[in-house]
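These are comments on the two-chain model.

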Amino acid sequence: MNSASTHFVPTSRVGIYEPLHQFGMWGETFKNNIGNGGSMNTPNHILIPNNQKLDNTNLSEDTSHGTPHMFDQEASTSRHPDKIQRRLAQNREAARKSRLRKKAYVQQLETSRLKLIQLEQELDRARQQGFYVGNGIDTSSLGFSETMNPGIAAFEMEYGHWIEEQNKQICELRTVLHGHVTDVELRSQVENAMKHYFELFRMKSAAAKADVFFVMSGMWRTSAERFFLWIGGFRPSDLLKVLLPHFDVMTDQQVLDVCNLRQSCQQAEDALSQGMEKLQHTLAECVARGGLGEGNYIPQVNSAMERLEALVSFVNQADHLRHETLQQMHRILTTRQAARGLLALGEYFQRLRALSSSWATRHREPT
Amino acid sequence: MDKVVRMSSEKGVVIFSKSSCCMSYAVQVLFQDLGVHPTVHEIDKDPDCREIEKALMRLGCSTPVPAVFVGGKLVGSTNEVMSMHLSGSLVPLVKPFQANLC
């Protein structure tokens with residue numbers, strides 16, 4: 001009798017042997033023919049190459065019986081149809097699992113794609129509102145990315161949140177001023193708005209310690225805001241000039257006080273500006289000391305480093321000026337006037353940011 | 001420190017400064033804008049620079065320079081001077097010492 005060898009047909013080759021179950025039927029016929037030296041059936045020819053490609057793991061039962069014989073295929077089919085069936089079932093199961101995995105993967109891809117679209121929309125919205133979106137994503141920037149400095153990366157993130165909170169407060173002020181609210185409620189809004197600006201100065205001070213050039217450059221602000229840049233921010237006297245016509249009726253004393261404040265601001269700003277000029281001259285002198293062209297300049301660079309520390313104190317002093325201007329306006333004005341002033345100031349900045357955004361996208365508009 | 005007391009008690013506006021300090025220069029410019037000619041002591045040119053610095057700090061200055069005295073009394077450093085000016089209290093303080101420009 002034929003040896004009980006089991007030759008399993010690998011799944012991928014099932015297609016060729018589609019009517020495999022027919023071998024079971026034919027197995028009987030072949031067996032009969034073998035003994036009679038009957039002619040080889042076509043399926044035998046097809047089977048021969050298959051025998052050579054058998055998966056080794058399926059041959060565990062064959063080794064003791066020597067090399068597989070082509071007739072053994074039919075023999076095993078006829079003797080172990082259930083083994084074939086089981087293997088087929090396993091293959092079907094494996095194929096099913098593979099399809100499920102692929103489906104899951106595609107679903108994951110779809111979800112990620114949707115999330116990406118969402119993020120892009122958020123970015124666009126933020127840009128429209130005039131936020132400066134750093135981290136090198138903003139194509140309208142000069143490719144300026146300070147994210148290598150953790151202090152600056154933290155500041156940029158905090159500033160993004162600061163702007164969000166600022167916009168919220170401006171909306172609240174607008175609502176509150178159009179309604180009928182008590183002075184107490186108004187006062188708390190004013191206090192919050194003031195505290196919010198003071199918070200910005202605190203953030204800037206920390207950022208200046210991390211990288212004073214970054215704060216001085218105003219790259220964390222939008223382009224139109226940067227146009228008005230003076231030592232890391234706005235000139236307080238300029239802002240007073242912009243806001244003065246927008247206050248409610250003021251008493252003569254108030255008008256006088258605000259004008260005096262504006263003049264004091266201007267004088268203080270001039271003094272700081274001249275101090276900055278002196279710093280520039282001394283720095284330039286320091287860097288250029290010794291023979292320019294000699295090629296070694298480490299001592300000059302080192303001494304210039306010491307000079308640059310003074311820049312931090314100028315940024316801090318300029319913010320101190322902005323802080324004091326806010327305080328004085330708060331002192332001079334009534335609560336309602338202060339609320340209106342803060343609203344006007346906030347919206348002025350919003351308009352500048354919107355201008356920056358419009359300017360940045362002007363070339364994209366079809367004309 | 002006697003030297004500091006003597007120097008700070010000089011008439012008018014006295015500013016302790018350093019030749020390299022640009023913030024001290026800014027404060028000086030501010031007083032000049034207000035019509036005052038402050039007396040400026042550049043302590044880095046003084047042999048007793050270290051002691052003067054310590055004395056100024058002990059008197060309550062956050063930084064040794066600039067340290068501003070008006071009429072012998074300590075006003076403070078840049079912060080104090082700027083705050084006073086914006087609140088309108090600096091001009092009355094230095095009024096007696098303003099040079100008559102006409």
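How many salt bridges does a search of the whole structure find over all chains?

1. Over all chains the search returns 17 salt bridges, the term meaning a side-chain nitrogen of Lys or Arg within 4 Å of a carboxyl oxygen of Asp or Glu. The model is predicted, with pLDDT of at least 70 required for local features and 80 or more for side-chain atom pairs, while totals for chains, interfaces and linings use all residues. Side-chain values rest on heavy atoms without hydrogens or water, residues are numbered from 1 along each chain as its sequence is written, and chains are lettered from A in the order in which they are written.

2. A:Lys204 and A:Asp319 form a salt bridge, with 2.8 Å between the closest N and O atoms. This pair links distant parts of the chain, since A:Lys204 sits in helix H6 (residues 183-210) of chain A and A:Asp319 in helix H11 of chain A, 115 residues apart. Helices (H or I, at least four residues) and strands (E, at least two) are DSSP runs numbered from the N terminus.

3. In the interface, 23 residues of chain A are in contact with 18 residues of chain B, contact being heavy atoms within 4.5 Å. The area buried between the chains is about 1700 Å², and carbon and sulfur atoms give 65% of it. Buried area here is the accessible area (1.4 Å probe) that two parts lose on being put together, summed over both. On the chain A side, A:Gln267, A:Lys278 and A:Gln317 lose the most area to chain B, together 28% of what that side buries.

4. Which polar interactions cross this interface? The rule finds 7 residue pairs in polar contact, both residues at pLDDT 80 or more, and 0 salt bridges. A polar contact is a pair of N or O atoms within 3.5 Å; within protein, one must be able to donate a hydrogen and the other to accept it, and residues adjacent in sequence count only if both atoms are side-chain atoms.

5. The largest share of the side of chain A that touches chain B comes from H10(A), with 13 residues. By class, that side has 8 nonpolar, 10 polar and 5 charged residues. Ala, Val, Leu, Ile, Met, Phe, Trp, Tyr, Cys and Pro count as nonpolar, Asp, Glu, Lys and Arg as charged, and the others, Gly among them, as polar.

6. The axes of H10(A) and helix H4 (residues 78-87) of chain B come within 8 Å and cross at roughly 155°. The two helices are therefore roughly antiparallel, a label for angles over 145 degrees. Axes are lines fitted to C-alpha atoms, for helices over the stretch in contact, and angles run from 0 to 180 degrees between N-to-C directions. The residues in this contact include A:Leu261, A:Gln267 and B:Met82, and the contact divides into 6 nonpolar, 3 polar and no charged residues.

7. Two backbone details deserve a look. The peptide bond from B:Val65 to B:Pro66 is cis, with omega near -5°, and B:Pro66 lies in the loop between helix H3 (49-58) and strand S3 (67-70) of chain B. A:Ile231 has a positive phi, near 45°, in a residue other than glycine.

Note on methods
Parallel < 35°, antiparallel > 145°, perpendicular 65-115°, else oblique.
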